[in-house]
Amino acid sequence: MIAGRGRQRIRPPRRSLQGDSDIDFENTWGTIASAFREIHTKNASRLSYEELYRHAYRIVLKKKGEELYKRVKEFEHEWLSNEVRGSIQALFSPNLLADTQSLGGTTTNERRVAGEKFLRGLKQAWGDHQVCMSMLADVLMYMDRVYCQDHRRPSIYTAAMFLFRDDILNSPTSDQDGRVVLSLLNHVILDQIQMERDGDIVDKHLIKSCVYMLENLYEDEMESEDSRLYSLSFEREYLDSSREFYRQESELMLRDSDAGAYCRRARQRIREEEDRCRSTLLEVTAPKIQKVVEDELVKNRIRELVDMESGVRFMIDNDRVEELNLIFDLNARVDPKKGELTRSIQKRIVDLGNDINSAALVASQAPAAATAESGDKGKGAAQEKSLNQQTVAAIKWVEDVLRLKDKFDSIWRGSFNEDQPLQTALTRSFADFINSTTFPRSSEYISLFIDENMKKGIKGKTEAEVDAVLEKAIILLRYIQDKDLFERYYKKHLCRRLLMNKSISNDVEKHMISKMKIELGNNFTMKLEAMFKDMTISEELTDGFKKHVAGLGDKDPKRIELGINVLTSMTWPLETMGNDDDEESKRPKCNFPTSIERIKLGFEKYYNEKHSGRKLTWLVNMGTADIKATFPRVPNKDGTFRERRHDLNVSTYGMIILLLFNDLPEGHSLTFEEIQAHTNIPHNDLVRNLQSLAVAPGKRILLKEPMSKDVKATDRFLFNESFNGKFVKIKIGVVASGNKVESDRERRETEKKNDDSRAFQIEAAVVRIMKQRKELLHQQLVSETLAQLAAQFKPEVNMIKKRIESLIEREYLERMEGAKTDMYRYLA
Amino acid sequence: MDSPNVELVSALASLYESSAYSDLTITVGARRYQVHKAIVCSRSEFLAGCMRNPLQESQSGVIDLSEDDPDAVEHMVNYFYHLDYLTKPSTRRTSQRSSQPVSPLSPRLSSRTQPKKFNLAMVEDPLMAMASAANAAPNLLTPPADYQENHFETDLSAKLPDTPMADQDEQDPFETVQTEQEADVEKPNLILHAKVYEIAERYGIPGLKTLARKKFGDQLQLHLTSTEFPEACQEVYESTVDSDRGLRDIVIQTFRANPDLSLRKDVEQVIRETPGLAFELFRMANGLPVFS
């Protein structure tokens, strides 16, 4: 401001317009002040606005703005302290003041009435103050515009609001009591809210008016957003007291009610608080109070809640879909990962899953143990029975797991809003128990489940039903970690189904393959598809050979028909078909009867013409033959004599054995050793075939001496001329065929084979990686290998280490000298 | 194309003429103006405050401004309805008892022109008036900017009234509403404009302030030698607060551009009597900022 401006003498009047410009400030102020008093006492209607405005304008024009501003403030201060404060203090009833110290002595109702009276009075005072001040501010408009703006003072209205804060809210409630009105106000509002929480009905509208007052008053002159009295004073106390209240309530509820009721109450409380912010307090508080309630009722309690006796476990077991949904909702509020719920659900799945696992083990192990101990061939039947039991156990296992999955799926849909992370958690838990190290049979069981359905289960089912069954298998398959093991079992089971024509429908088989292809990839099904291809080619070969033979023109009525399956070696798990203990080269060639040998040679010649350079190995143990057998006349019951003919379906070995007896004079017998010498059938196979021909009741084509179940080297066999079968067609199976759960020994072998093939795959993966990377740290190599193989199986790190060692020995890799940590280099 | 704007301006004017729907009366001594709250309160802070509060005026519907200069009040009311003032002899307002029904496009309302430049015959031609109103309309929404521009010219004398710019301004539809230029030119009205400026400041009517300021500036250039000048200077310096620079700046710039003004006896007298003016002139003469 430049010198000379500011306080100056007032010029003497020059013209009529400013004739009264030499105003007497005090006089004018006196007029204004008395008008203000009229306004405050609601007597404004006789005042002239124009006159008051003009007075104020002139004062400001004559540079008395500051003085005016000061006087108005003083006036308001006086007014509030002398007139308003007294009327507020008159509202403090004794019990209102008393209960700020202690709750005793007054009833809730009394407190509520007293509280409402106080709130109403305060609201009234505030409302009056606002109305009057807006009138005053309009009268003093020019002062605001010129003086307050030029001097950066708060407008007179704002200044008067501060006065209300200081002279009313921050004044003591009474002369004795040190507390100020504001804290009493907070207390009364909180008290009213507490009454509402306890079920009383309070005047929300009244509270809201007082809340608006707190919202529109500020602690500092800057009127910054976070200095509102509401947030500085009331809201803080509100949050604190609510926290305390909900802490106690949650403790009480955990003790006295069940988890479902707790959830319902918690949800209700959350909604109430939300509503309260809308109807009674301010929306800005909503997220804060919500956090308090959620913290106290949910976050700090969720663990206890979930683990309650009536908690998640109980809800799952009793299908409390709605309560689970509540708990899900609550957990989701405080934890987007829903950690506690997830933990508890996962635990329940694994527990239930392990129950299923051990049930399956109990069902299968008891008899299996018995056979394993005896290990005696004579117990074959018993073993078969136990194996059957195991198959049943396997199928039950699959169905139990599927049922469990259905249960949790429906909970997931019904209660968990199809939450993605939870689904992942469910999947992980299923995978956990399915791949549990204490239960190594999942792969086998699933394959058996498919096998069972392919052979029997899908009979008479519609396409959709069949598809559902296959889909179930696929679902379980997804959980399987060691896919390679499953592949091995599936191949084995499929092999039997194909070679023994056990499949009900080829189409369904192929459908299954294509499903697995989608799920597990091309690699996985390649060999399975190759098996199907072999079957097709074999059919063509058989037809072709038949035509070829027919074309030879050699019309032999006794001609033997040959059906042949040419199986690509390596593709088929032939060891599972019984020739498990020998390697191809060591297998002794059995001697065929001449008629058979001729056909065999004929086919070999035919085949070699088509595919030169291929070697055919005959797997005699896997074939079957249909023979027409004629038994001599024996007297029937009615005394007639009839020749009896039977069509016998026997194994190829069985046929060879039976043909021996064709050449034997009637009544002669052959010893075991003689038969073995003639046929050169491997010992085990011979024993089994003789058992099925001579021991199995009702199917004794041969007679054995002495009659016993076991076959010994010295036993003698002769043709049973008096054989009498009920049916024309008789199928003589060989002991131990068909897909059963493996015995422990078999399983060990399967696993060993699997490990061997894994070793190979690991090496392949390591080499692939190293070829690309050239040099790599040990740790990285291991983790990349794990990643590459994840789709097939999860190799043990130890195994990978061994393979790396082996590759180093074979000079695919070398250890890099001088590296701090283990590091390898690829050797081209 | 511009007819909606023209229509609004003429509708306002006819409201004023006919007093239809009037819900508020402004009185100055014996004069009474039938006005409309919706139109006047939305323009003036004072009037809005007056009607907003339950004091005497809002109950009675009468505002007595007898303390004010009657002419200034009349111009203010005129401004509310015509967006201009002082383009008719003040007798016109007595046309409450008035005469011929007023059409906004009647000859009376033809283009306001600088008489030196415009053919009076043309001015009186209603068709031409229509045409010029239509042509000029694009400026309708921007006049305040034009005023600003013109007024912050440091050298006011450089802005001659007959420059093409000025011509364009004169065609502004705000100013086409009324004519009577002869009187305007002859009478400087400097004191009157200063008073209108003061009343606009007092009652919080920014548009009127701007308009009065422009008129004051324009007139001052045309009437430097006017005998009104000294008194006008005093009015400027005593009717508003120091911080209000609107007319003060114009006066100071006029002194700067015409130093020999202070040689006039009557001017000297006023400077001596008006310390605010004297002080600022002193600052100016010393090359200091006139107002800080």
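## Interface and aromatic pairs of chains A and B

Arg52(B) forms a salt bridge with Asp138(A), and their closest N and O atoms are 2.5 Å apart. The model described here is predicted.

The rule finds five salt bridges across the interface of chain A and chain B. Between the two chains, 14 residue pairs are in polar contact, both residues being at pLDDT 80 or more. On the side of chain A that touches chain B, the elements that give two or more residues are α2 (49-61), α5 (108-139) and α6 (141-150) of chain A. Of these, α2(A) gives the most to that side, with nine residues.

The contact takes 35 residues from chain A and 39 residues from chain B. The size of an interface is often given as the accessible area lost when the parts come together. Between chain A and chain B the buried area is about 3200 Å², and carbon and sulfur atoms give 50% of this area.

Aromatic rings come next. Over all chains, the structure holds 27 aromatic pairs. A pair of aromatic rings is described by the distance of the centres and the angle of the planes. Two of the pairs are set out below.

| Pair | Centre to centre | Angle between planes | Arrangement |
|---|---|---|---|
| Phe36(A) and Phe75(A) | 5.9 Å | 65° | edge-to-face |
| Phe229(B) and Phe255(B) | 5.7 Å | 50° | tilted |

In chain B, Phe229(B) lies in helix α13 (residues 228-239) and Phe255(B) in helix α14 (residues 246-257), so their pair ties together parts that are 26 residues apart in sequence. Phe229(B) and Phe255(B) are both buried.

Ring pairs also join residues of both chains: Tyr49(A), Tyr53(A), Phe46(B) and Tyr203(B) are linked into a cluster.

In chain A, Lys64(A) lies over the face of Phe25(A), at 5.9 Å from the ring centre. In chain B, the charged end of Arg248(B) sits over the ring of Tyr237(B), 5.0 Å from the centre of that ring.

Technical notes: Residues numbered from 1 in each chain as written. Chains lettered and ligands numbered in written order. Predicted model: local features only at pLDDT ≥ 70, side-chain atom pairs only at ≥ 80, totals over all residues. Heavy atoms only, no water. Phe/Tyr/Trp six-rings, centres within 6.5 Å; stacked < 30°, edge-to-face > 60°. Helix = DSSP H or I, 4+ residues; strand = E, 2+ residues; numbered from the N terminus. Buried < 20%, exposed > 50% of the residue type's maximum accessible area, 1.4 Å probe, protein only. Lys NZ or Arg CZ within 6 Å of the ring centre and 35° of its normal. Contact = heavy atoms within 4.5 Å. Buried area = accessible area lost by both parts, 1.4 Å probe. Salt bridge = Lys/Arg side-chain N within 4 Å of Asp/Glu carboxyl O. Polar contact = N/O pair within 3.5 Å; in protein donor to acceptor, adjacent residues only side chain to side chain.
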